[in-house]
2 protein chains.
Amino acid sequence: MKPVGVELVVMTVLEGALEALLVRRSGNQWSLPAGTPAPEVPLQEAAAAVLARQTGITGIGLEQLYSFDRDGARRVAVAYLALIDAGRHALEPGSEVVEVRWFPLDDLPALPAEHAEALEYGRGRLRAKTAYAPVAVQVLPETFTLGDLQAVYEAVLGARLDTRNFRRDVLGAGVVEEAGMERRSGPGRPARLYRSVPGEEFAVVARERRIAGRVRPPG
Amino acid sequence: MKPVGVELVVMTVLEGALEALLVRRSGNQWSLPAGTPAPEVPLQEAAAAVLARQTGITGIGLEQLYSFDRDGARRVAVAYLALIDAGRHALEPGSEVVEVRWFPLDDLPALPAEHAEALEYGRGRLRAKTAYAPVAVQVLPETFTLGDLQAVYEAVLGARLDTRNFRRDVLGAGVVEEAGMERRSGPGRPARLYRSVPGEEFAVVARERRIAGRVRPPG
DNA sequence: TCAAAAGTGTTTCTCTTACACCCATGT
DNA sequence: ACATGGGTGTAAGAGAAACACTTTTGA
């Protein structure tokens with residue numbers, strides 16, 4: 001009987017860059033939040049529970065990423081993926097861990113090789129998904145500007161997008177609607193606030209109109 | 001310790017329609033080939049072994065499909081997907097099963113709900129993959145005509161494709177090459193035979209040029 | 001010579017991309 | 001008044017889709 005474990009690839013966007021959530025159980029070894037679910041509890045619930053227990057984060061949408069079965073490992077690790085708004089979730093290390101932190105993907109601490117692999121896999125999935133699903137709204141507060149949204153897309157894709165094309169595509173896709181308010185912050189014209197259209201936040205269906213087209217290298 | 005099992009969604013194309021491989025262990029209950037791997041064997045190998053043991057099919061490429069964790073189930077089922085050429089694999093029910101058969105997807109016997117779900121999921125994956133990966137060559141003998149290939153695409157996509165566009169796209173993608181022979185069967189002009197370009201059979205990378213474009217309803 | 005299947009180019013249109021300026025505000 | 005970020009339209013090009021006839025064979 002080969003047993004199953006869960007691990008969590010949780011990402012956010014901070015200062016225009018993707019960051020991943022890691023925990024430290026003891027010593028200097030960082031890792032993904034991970035645990036071993038009991039047989040009677042559904043796997044996704046178990047994953048959510050592990051996340052809550054170890055990091056304090058609750059109430060987020062998890063998506064199954066991949067089931068890793070590293071050679072030599074005696075157990076299978078089912079990885080779940082989430083993209084969330086760090087600002088809405090305070091980090092509270094649970095009793096099993098001594099520290100919880102966001103790390104920029106390009107400045108990670110030493111990780112078990114399998115966890116680094118899962119992170120990389122998760123980033124690839126996000127990138128792929130970004131082209132056809134409005135995943136980015138998950139990383140933003142309830143209302144946001146199109147500039148915010150574009151910044152998230154750019155962070156996830158690792159590429160710069162054209163503002164006018166981006167707006168045309170996002171608005172054309174019908175996944176956001178105007179909130180009827182403005183936000184002003186320092187100099188510059190106030191930005192209109194939008195919110196995601198109810199029921200469209202987690203839509204995974206391919207859309208007639210892609211939100212982000214073919215990506216070109218930064219520059 | 002929640003245990004893990006494997007199950008196999010194996011499909012082929014017969015007479016222009018997708019068919020799935022099912023086994024009957026006893027009585028009238030059909031199901032997907034499935035089993036419980038030992039801890040020390042890698043999951044994908046275990047899945048291949050289950051398939052070989054129960055159906056006699058060996059040496060095919062398996063792709064992880066999804067890990068199902070049906071509510072109430074005490075175990076996780078990692079499903080693997082394959083699309084193969086039925087003509088190249090004789091079916092031999094192993095000792096664990098009494099019968100192995102291909103069933104058209106639109107004429108399936110009664111199945112456990114979870115297995116029907118996995119089949120449906122597999123069909124969706126195939127459809128999605130068809131748009132950017134040359135999966136279809138897996139279902140054909142070593143040499144085949146472009147007409148054969150188009151028929152496979154049409155079966156997987158459940159849609160009719162334009163012959164000229166299809167040929168242009170397939171040849172442009174560079175995944176097949178002429179075998180330098182012809183095949184004649186009954187009346188009609190003989191068809192050139194092609195084979196898949198070595199190394200491209202299992203290429204999963206997105207291609208610049210898609211093989212099958214946006215799909216329109218049959219008619 | 002007829003029926004049956006294979007093979008072949010071009011045109012149209014849609015979608016993607018590239019691109020530059022004015023607007024509203026804070027300091 | 002100037003610096004800062006927000007917001008807008010259009011033209012050119014590439015890719016996808018639509019479309020009909022000729023070729024080669026078996027019967």
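Helix H3 of chain A covers residues 146-157. Helices here are DSSP runs of H or I, at least four residues, and strands are runs of E, at least two, numbered from the N terminus. H3(A) has 12 residues and reaches 16 Å from first C-alpha to last, close to the 16 Å expected at 1.5 Å a residue. That expected span is 1.5 Å times one less than the number of residues.

This is a predicted model: local features need pLDDT of at least 70, side-chain atom pairs count only at 80 or more, and totals for chains, interfaces and linings use all residues. Residues are numbered from 1 along each chain as written, chains are lettered from A and ligands numbered from 1 in written order, and side-chain values use heavy atoms, without hydrogens or water.

Now the H4 contact. The axes of H3(A) and H4(A) come within 11 Å and cross at roughly 100°; axes are lines fitted to C-alpha atoms over the stretch in contact, with angles from 0 to 180 degrees between N-to-C directions. The two helices are therefore roughly perpendicular, a label for 65 to 115 degrees. Contact means heavy atoms within 4.5 Å. H3(A) contributes A:Leu146, A:Leu149, A:Gln150 and A:Tyr153. H4(A) brings residues including A:Phe166 and A:Arg167.

Just after H3(A), A:Gly158 takes a positive phi of about 65°.

Terms used:
Angles under 35 degrees count as roughly parallel, over 145 as roughly antiparallel, 65 to 115 as roughly perpendicular and the rest as oblique.
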